Amino acid sequence: MRQVHPDENDYKSLASLKCPLCESTFNATSKLHEHIEIDHDVHLEVMSKVFESVDEFKKWKSVIEKENLTSFTIHRVNGNRSYYGCHRSGSSRLTGTGKRLKWSHSSKIGSRCPARIVATNIEGHITVDYCKTHVGHSKSIKFLHFTKEERDELAGIIKIGVTFDRILDEIRESVVSNENIHGLHIVDKRDLYNIVRDYELDRDVVHKNDAFSTEMWVQEQMALGEDSPVLYFKMQGCEKNDDLLKDDFMIVLMTKYQQDVLSKYAIDKVCMDSTHGTTEHDFQLTTMLTIDEFGAGCPVAFCISNRIDSVAISQFFKSVKGKMGPFPAKILMSDDAPTYINSWTKIMCKPQHHLSILKYIKLAAHSWKFWMLNNFMSL
Ligand SMILES: [Zn+2]
Ligand SMILES: [Zn+2]
């Protein structure tokens, strides 16, 4: 029997040397390993290896981590010797900040898994003592951390502006069999978001953070079912079975109150108005208004999109029609651009009159836009 114990005092804390199979604690790793083998009759498989360079060692480490669905994190460095422990070792109380715990449960088992790597660097040659037996936890994909290399790689991809959805698609496509599952294959959007935070990429990918929070908000709203104000939603980078392109963004919003107003008044007059550059991402806000009995413009639906051509406006109208059914307005008011009248005629039906937008409606629209921006855009 051979023990991995190049340094008896490699872990200072007694609490961190708790046996994963009983309540015993130890003051040296070698004693814990001896206890596991003798008292619990668990054989700890140990091997030695020599690598010609640090790179070669890192490659090997990355391979065994993927093969064993684990991750070895550095616990301590003493002179030319580095101690890597199983990432499941340690106290769950000490993991992460409150913010992080909100995202994921702790992976820590509250005791010391004996699996570890002790690497000694002698003039660039790395001698390794590797205990490959894990005790006290199963191989859980859920708790697998990314290796440093994988996180670096992901951070790099995020930084050059590849969307989260595209990254996730590529990762999923690369899964060919269960044996192939390792950290990168079970990444989800929250992991990517954590990488953005940890690598302080926020400045570079601020719009993706916005997109993420928008998506979270939309998901919450969608959960309201019939009462959801979201009639249509498309993230940039995902494909939908309609006329919008992969890189298009659109959200169509209509509250229950607006639906009531629309059914009450829109038979007569509908007014369309778009404003450019409502957010720093240069998205545009298109408002559908109707005119109430006092002649005031009431917004009945909003569309925020990256473009306001006939494809986008048609999708806006389709979404409203999907909720409200077709409604034949007698008068459509808009600016001189043919986009609105053409799309309305195509999706709803041809109105009796098309009027160029009136000044007072513009004013009303702008005051509502202000309200809308305050209420929806500060998400
Ligand atoms: Zn024990
Ligand atoms: Zn372990």
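Where does glutamate 123 lie? Glutamate 123 lies in the loop between strand S4 (116-122) and strand S5 (125-131).

## Model and conventions

This is a predicted model, in which local features need pLDDT of at least 70, side-chain atom pairs count only at pLDDT 80 or more, and totals for chains, interfaces and linings use all residues. Residues are numbered from 1 along each chain as its sequence is written, while chains are lettered from A and ligands numbered from 1 in the order in which they are written.

## Overall make-up

The chain holds 11 helices and 12 strands. Helices (H or I, at least four residues) and strands (E, at least two) are DSSP runs, numbered from the N terminus. Of the 379 residues, 30% are buried. Buried takes 20 or more other C-beta atoms within 10 Å of a residue's own; exposed takes 12 or fewer, and partly exposed lies in between, with C-beta atoms placed from the backbone.

Take the contacts in the chain with a separation of 6 or more: residues 24 or more positions apart account for 58% of them. Contact here requires two C-beta atoms, placed from the backbone, to lie within 7 Å.

## Annotated segment

UniProt lists residues 19-40 as "domain: C2H2-type", in an unreviewed entry. UniProt positions follow the numbering used here, feature names are shortened, and annotations may be inferred rather than shown by experiment. Over residues 19-40 the chain is 50% helix and 0% strand. The end C-alpha atoms of this segment are 10 Å apart.

## Helices H9 and H10

Helix H9 spans residues 310-324, and helix H10 spans residues 338-347. Their axes come within 9 Å and cross at roughly 45 degrees. That makes H9 oblique to H10. Axes are lines fitted to C-alpha atoms, for helices over the stretch in contact, and angles run from 0 to 180 degrees between N-to-C directions. Angles under 35 degrees count as roughly parallel, over 145 as roughly antiparallel, 65 to 115 as roughly perpendicular and the rest as oblique.

On the H9 side, the contact residues are Ser310, Ile313, Ser314, Phe317, Lys318 and Lys321. They meet Thr339, Tyr340, Asn342, Ser343, Trp344, Lys346 and Ile347 in H10. By class, the contact of H9 with H10 has five nonpolar, five polar and three charged residues. Ala, Val, Leu, Ile, Met, Phe, Trp, Tyr, Cys and Pro count as nonpolar, Asp, Glu, Lys and Arg as charged, and the others, Gly among them, as polar.

## Positive phi in loops

Most residues other than glycine have a negative phi. Glutamate 123 has a positive phi of about 50 degrees although it is not a glycine. Glutamate 123 is exposed, because 5 other C-beta atoms lie within 10 Å.

Aspartate 41 also has a positive phi, near 55 degrees. Aspartate 41 sits in the loop between helix H1 (29-39) and strand S1 (46-51). With 7 C-beta neighbours inside 10 Å, aspartate 41 counts as exposed.

## Buried and exposed sites

Valine 118 is in strand S4. It has 22 C-beta neighbours inside 10 Å, so valine 118 counts as buried. Phenylalanine 283 is placed in the loop between strand S8 (269-275) and strand S9 (284-291). Its 20 C-beta neighbours inside 10 Å make phenylalanine 283 buried. The C-alpha atoms of phenylalanine 283 and asparagine 306 are separated by 4.6 Å, and these two are 23 residues apart along the chain.

Aspartate 198 belongs to helix H6 (residues 189-198). It has 11 C-beta neighbours inside 10 Å, so aspartate 198 counts as exposed.
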